[in-house]
Amino acid sequence: MEQDMDYRQKIITEYKESVWPLLKYLPWLEQNAGKTASSTYKGQEIGEGTLKFPVYDGTLMNFVREASKSSLMERNYQYVYTRNRLHSHDDERRIIAKAGWKEWNVLKGILSHYVLGGRTKGTLWSEAVRENIFYLTLKQMKDIIEFWDRPMEL
């Protein structure tokens with residue numbers, strides 16, 4: 001029994017170290033839920049057939065940069081989606097809300113889907129902000145840590 005508690009505390013400490021740098025973005029993610037965190041640059045006085053590309057909010061880019069460097073990135077995030085039959089944002093929100101410390105890899109997979117997937121599919125970062133996925137995932141991670149440890153001040 002004591003060994004189980006020591007193991008869980010060790011795991012929670014590791015979780016805490018990986019999530020801590022990203023918590024400073026929680027207020028921004030909460031404020032921007034439902035909003036688009038990017039705009040489309042079309043160029044000035046350029047013809048209609050020119051290439052358009054997204055321009056992201058600076059805070060979002062900082063968040064993505066820090067998250068991609070963290071140990072929270074799961075390169076095989078596709079398997080999380082397959083195993084848990086995640087097909088929509090509602091599916092993601094449902095599983096995020098139910099996740100506990102044993103489902104940490106599911107939360108990592110969802111976060112990774114948007115952070116890593118956004119490198120090739122430009123709309124994913126804005127979509128994660130608009131659909132509140134980034135916020136809900138980080139908030140659930142914080143709640144799990146606080147349940148098993150102590151409150152984390154931002």
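Visitor: What covers the buried residues of helix 5?

Guide: The cover includes helix 4 (77-83), helix 6 (104-117), helix 7 (124-130) and helix 8 (133-148). Helices here are DSSP runs (H or I, at least four residues), numbered from the N terminus. The model is predicted: local features need pLDDT of at least 70, side-chain atom pairs count only at pLDDT 80 or more, and totals for chains, interfaces and linings use all residues. Residues are numbered from 1 along each chain as its sequence is written, and side-chain values use heavy atoms, with hydrogens and water left out.

Visitor: Which residues of helix 5 are buried?

Guide: In helix 5 (residues 89-98) they are His89, Asp91, Glu92, Ile95 and Ile96. Buried means under 20% relative accessible area, exposed over 50%, and partly exposed in between (1.4 Å probe, protein chains only).

Visitor: Why are the buried residues of helix 5 said to line one face?

Guide: Viewed down the helix axis, they fall within an arc of 155°, so they line one face of helix 5. The arc is taken from the directions from the helix axis to the C-beta atoms. Asp90, Ala97 and Lys98, on the other side of helix 5, are exposed.

Visitor: Why is Gln140 called buried?

Guide: Gln140 has 15% relative accessibility, and the limit is under 20%; therefore Gln140 counts as buried. Gln140 lies in helix 8 and, not counting residues up to four places away in sequence, touches Ile96, Ala97, Ala99 and Leu107. Contact means heavy atoms within 4.5 Å.

Visitor: What makes Gly118 buried?

Guide: Its relative accessibility is 4%, against a limit of under 20%, so Gly118 counts as buried. Gly118 sits in the loop between helix 6 and helix 7.

Note on methods
Helices (H or I, at least four residues) and strands (E, at least two) are DSSP runs, numbered from the N terminus.
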